[in-house]
Amino acid sequence: MVNNAKKIPLAWLLASASFVSIIIVSYLKTSLELEDAEQAYYSQWWRLGYDDQPPLYTWIQKAINSVFGVTEFSFSFLRGILFGAVILSFYKLAKKVLNNKVKAEVMVLGLAFVPVFIDFAFRRLSHTLLLCFMVIVTLLVIVQLIEKRSVYNYLFLGVCFGFGMLSKYNYSIFLMMVLGVSFFDASLKRIIWNPKLLVSCIIAFLLFSPNFYWLIQGEYLGFIGESIGTKLETEGKGIPVLTPLLETTVAFLEMVFPLILAVALFLLLKKVRWNASNTPKWLRNMGILQITVLLLFFMFMNVQEVQARWLLPLLLPYLIWLIGNLDIAGEKVIKWGVPLFLLILVFQTLRTPAERFLGITSDIHFDYSGLSNKLNTEYSEAIWVLPNVTYGGQIRLYNPKKELFTLDDFSIPESKKYDEPHVILSSLSRLSESLMPTDSLLQYGPDKENLYFFEVYGTENLPFHSSSTSEN
């Protein structure tokens, strides 16, 4: 295995193996992962915005669907490409920063000790993976600008800024950090407070403006704020300042604890030596300020629950500082690290069928074909309105040519109002005083909930149209 790693560039070996594993796993699942189901639903249309996420990922997914169709392969293909791209760009950034190929390879192997990346991102994350890639690429451009402040590099920086904001809105937290560091770090100050940055700002504005235009229409900002507030639990009963601080600390440890434990163990056993001069100061300063900005944001928003996956894109690049400061026998780490990384990929691949064999409950083991058959048999001529995007995506996988909607999609435009029969599926037994269910599925789905069928004509009283606005 190690001999193969010497013949094939290590980063490419791990990226390719990860890509193939992600494709294989998708065919071992009975249904789509939550994020894939979301994309199966939203990729029906070209829109300027979708739900509370920026549109870039869905635009890419829709383009891929036009080539491969609405299949398990299409969704795992994009996630596999991004997962591999993060590995390759992370390696390139580490090599640029440390100017050391072997240490950069050790960095990539260190990703096996970041559970939220090697597990959660591998299995299901979408927008977060895209944001990981955009943050790393932005830092690569910043490294280029430190070396040469050319107009070309500033133009590329603007592309990164624009696509970053279109990847996930918390890219703005990364931008806050970049601006903040420029006030006290000489390397960043020369880049940010340069007239050429205006080129970057213009490019970024042109790229982001269509989505921004969509955001300020109607009540979309209110819906997005409400959705984000629900995810962050900003209305919880925790202690202001203290709860966000503790939650962020726990999430950070959840993200990197195995890696910190391994580093601490090697230091205690004197297998490695700490050398703070190995990494540039600007990278350390960016990492410290990024953690500070995150903490201030969570405290200001009074966030009651912080997930490790939220921290991953913004903090992943600074693992280069943590591992890069170690004087480590790179060849020995690579010898044992490559088999370990590949073994983890094998485990992730076999995990899904093993769960099914052992009877471990998981949403991805539920078969939605029964509901699809019922809709096709009894309501084939009606427009289907599913309870949420998860149901919508799962049903669309079986019916890729049928346009369908969901009750929780607040971004449906007015142009999608049709004077035709609709069947609405909801977990509520009453949608209004006058609307009574005509059929039901009891204890259905992975959550064993009751689904009620409502038949209506037209869209005037449908919940998902109540706050829509015109679009294109």
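This note sets out numbered points on pockets, cavities, salt bridges, surface and backbone in a predicted model.

1. Basis. The model is predicted, so local features require pLDDT of at least 70 and side-chain atom pairs count only at pLDDT 80 or more, while totals for chains, interfaces and linings use all residues. Residues are numbered from 1 along each chain as its sequence is written, and side-chain values use heavy atoms, with hydrogens and water left out.

2. Largest pocket. The volume of the largest pocket is about 1,300 Å³. Of its 45 lining residues, Asp-52, Gln-53, Lys-168, Ile-228 and Lys-231 are the closest to its centre. A pocket is an open set of points on a 1 Å grid over the protein atoms alone, with protein on both sides within 12 Å along at least five of seven lines; a cavity is a set of points where a 1.4 Å probe fits but cannot get out; lining residues have an atom within 4 Å of a point. Grid points are joined across faces, edges and corners, and a volume is the space filled by probe spheres set on the points.

3. Elements around the pocket. Helix α13 (220-232) gives the most to this lining, with nine residues. At least two residues each come from α3, α8 (127-147), α10, α12 (197-215), α13, α15 (281-300), α16 (308-315) and α20 (389-398). Helices (H or I, at least four residues) and strands (E, at least two) are DSSP runs, numbered from the N terminus.

4. Asp-52. This residue lies in the loop between α3 (34-42) and α4 (56-68). Is Asp-52 buried or exposed? Asp-52 counts as buried because its relative accessible area is 4%; the classes are buried (under 20%), exposed (over 50%) and partly exposed (in between), with a 1.4 Å probe and protein chains only. Apart from neighbours within four places in sequence, Asp-52 is in contact (heavy atoms within 4.5 Å) with Tyr-169, Ile-224, Ser-227, Ile-228, Lys-231 and Phe-410.

5. Cavities. The whole structure holds two cavities of 30 Å³ or more. The largest cavity has a volume of about 50 Å³. Its lining consists of Ser-26, Lys-29, Ser-31, Leu-32, Glu-33, Asp-36, Glu-72, Phe-75, Ser-76 and Arg-79. Helix α5 gives the most to the lining of the largest cavity, with four residues.

6. A search of the whole structure finds 13 salt bridges, each a side-chain nitrogen of Lys or Arg within 4 Å of a carboxyl oxygen of Asp or Glu. One of them joins the side chains of Glu-147 and Lys-96 (3.7 Å, N to O). This pair links distant parts of the chain, with Glu-147 in helix α8 and Lys-96 in helix α5 (residues 72-98), 51 residues apart. Glu-147 is exposed at a relative accessible area of 53%, whereas Lys-96 is partly exposed at 33%.

7. Lys-374 and its two partners. Lys-374 meets Glu-378 in a salt bridge (3.2 Å, N to O). These two residues are separated by about one helical turn because they are four residues apart in helix α19 (residues 369-378). Lys-374 also forms a salt bridge with Asp-439, the closest N and O atoms being 2.8 Å apart. The latter pair links distant parts of the chain: Lys-374 is in helix α19 and Asp-439 in strand β6 (residues 439-444), 65 residues apart. Lys-374 is buried, with 15% relative accessibility; Glu-378 is partly exposed at 45%, and Asp-439 is partly exposed at 24%.

8. The buried residues of α10 are Tyr-171, Ile-173, Phe-174, Met-177, Val-178, Gly-180 and Val-181. Their cover includes α8, α9 (151-167), α11 (186-192), α15 and α16. Leu-179, also found in helix α10 (residues 171-181), is partly exposed at 42% relative accessibility. Together with Phe-183, Phe-184 and Trp-193, Leu-179 makes a nonpolar surface patch of about 480 Å². Patches are made of residues with over 30% relative accessible area and no salt bridge, like charges being joined within 9 Å and nonpolar side chains (Val, Leu, Ile, Met, Phe, Trp, Tyr) within 5 Å. Accessible areas come from the Shrake-Rupley method with a 1.4 Å probe; for residues, only the protein chains shown count as cover.

9. Backbone. Val-241 is not a glycine, yet has a positive phi of about 70 degrees. Val-241 is found in the loop between α13 and α14 (242-268) and is partly exposed, with a relative accessible area of 45%. Gln-443, in strand β6, has a positive phi near 55 degrees and is likewise a residue other than glycine.
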